[in-house]
Amino acid sequence: MELDFTGEQEDLREAIRAVLGNEAPITLARRVIETGARPTELWATFVELGWPALTVPEAEGGVGLGAVEAAILAEELGRTVTPGPLLPTVTQFVPAVRECGTAAQQARWLGAVADGTCSGTLAVAEATGSFDPAECTASMQIDRDRVRLSGSKRFVIEGDAVDEVVVVVHDGAVVVPAAAIAWEPVRAIDGSRRVAHAPLDGVEVSADRVLGGVSEAALRRAIEESTVALALEMVGTAQSVFDVSLEYAKQRRQFGVPIGSFQAIKHKFADMLIALERARATGYFAALTIAE
């Protein structure tokens with residue numbers, strides 16, 4: 001398996017990095033944390049660039065790229081701590097609909113993502129915190145052309161800030177309009193990452209929103225993509241933390257010399273760099289394995 005980026009993938013990474021450097025500086029994340037305002041202008045920029053459509057199949061109007069390109073996007077979003085629904089839309093909602101939806105459902109929702117009119121996320125975890133679909137206890141009851149949900153979901157990324165949510169239940173998956181859920185925002189340590197719990201009791205949707213191609217294997221494929229993307233987003237953030245710390249060690253002086261010249265500090269940075277590179281290699285190996 002080839003572990004180097006192709007020329008096209010390198011170009012994609014550089015293009016994403018350049019845009020985020022201009023459009024999503026760390027001051028934007030601070031403003032979101034301090035004011036609670038949503039980065040709607042940033043989302044509009046992403047739509048104009050076609051980023052939500054990155055992994056949407058070409059047949060549905062998307063770019064048609066795969067897990068590696070999604071991983072590249074995730075790492076670069078992590079570098080700048082970019083807020084907003086782009087990550088869950090590309091790496092959670094799209095894989096879930098692509099893997100579990102019928103052709104008509106894929107055209108309906110993936111086409112909407114591709115043209116920028118739909119953002120989404122994925123709701124799997126419940127009270128136990130497990131993201132194993134086999135452990136889901138939330139359920140649905142189908143009555144002719146209506147579906148009633150029961151149970152609850154926890155830690156849904158951008159749940160109350162997207163248009164649609166793929167809700168995994170023990171007997172399938174349903175696309176639920178986010179506006180139909182009485183969201184319970186979570187006060188998380190990371191204020192740039194919007195997280196919410198979703199009480200489902202009494203939520204009703206039309207039966208055509210039940211994904212028609214659901215299997216445990218399909219759900220696991222979608223969740224694997226989501227997991228790898230989240231891991232590489234963390235790698236991107238860790239890289240920025242490393243870079244900031246290294247620059248500080250070069251500038252901060254003690255006893256007349258930069259603290260970065262001390263052997264003990266050098267060892268710490270070497271250990272951090274090895275851990276960081278190991279995490280990056282592991283993440284991209286996982287993405288390549290999915291792509292293969």
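1. Strands and their pairing. Two strands are taken as paired if DSSP finds at least two bridges between them, and helices (H or I, at least four residues) and strands (E, at least two) are DSSP runs numbered from the N terminus. In this predicted model, local features need pLDDT of at least 70 and side-chain atom pairs count only at pLDDT 80 or more, whereas totals for chains, interfaces and linings use all residues. Residues are numbered from 1 along each chain as its sequence is written, and side-chain values use heavy atoms, with hydrogens and water left out.

2. The β5-β6 hairpin. Strand β5 (residues 164-169) runs antiparallel to β6, and 6 bridges join the two. They form a hairpin with 2 residues between the strands. Val169 has Gly172, in β6, as its bridge partner. Strand β6 (residues 172-177) is mostly covered, 5 of its 6 residues being buried; buried means under 20% relative accessible area, exposed over 50%, and partly exposed in between (1.4 Å probe, protein chains only).

3. Salt bridges in total. The criterion is a side-chain nitrogen of Lys or Arg within 4 Å of a carboxyl oxygen of Asp or Glu. By this rule there are 18 salt bridges. Arg98, Glu99, Arg221 and Glu225 are linked in a network of such contacts.

4. Arg280 and its partners. Glu75 forms a salt bridge with Arg280, with the closest N and O atoms 2.9 Å apart. This pair links distant parts of the chain, since Glu75 lies in helix α4 (residues 67-79) and Arg280 in helix α8 (residues 263-291), 205 residues apart. Both Glu75 and Arg280 are buried. Arg280 also meets Glu277 in a salt bridge (2.8 Å, N to O). Arg280 and Glu277 both lie in helix α8, 3 residues apart, or about one turn of the helix. Arg280 counts as buried because its relative accessible area is 12%, while Glu277, at 38%, is partly exposed.

5. Glu216 pairs with Arg220, the closest N and O atoms being 2.8 Å apart. Because Glu216 and Arg220 are 4 residues apart in helix α7 (residues 216-251), about one helical turn separates them. Glu216 is partly exposed at 43% relative accessibility, and Arg220 is partly exposed at 31%.

6. The largest pocket. On a 1 Å grid over the protein atoms alone, a pocket is an open set of points where a 1.4 Å probe fits, with protein on both sides within 12 Å along at least five of seven lines; lining residues have an atom within 4 Å of a point. The largest pocket has a volume of about 520 Å³, a volume being the space filled by probe spheres set on the points, which are joined across faces, edges and corners. Of its 26 lining residues, Ile157, Arg193, Leu230, Glu233 and Met234 are the closest to the centre. The elements giving two or more residues to this lining are β1 (120-123), β4 (152-157) and α7; α7 gives the most, with 7 residues. The lining divides into 16 nonpolar, 6 polar and 4 charged residues (Ala, Val, Leu, Ile, Met, Phe, Trp, Tyr, Cys and Pro count as nonpolar, Asp, Glu, Lys and Arg as charged, and the others, Gly among them, as polar).

7. The second largest pocket. This pocket holds about 290 Å³ of space. It is lined by 15 residues, of which Val186, Asp190, Gly191, Arg193 and Arg194 lie nearest its centre. By class, its lining has 7 nonpolar, 2 polar and 6 charged residues.
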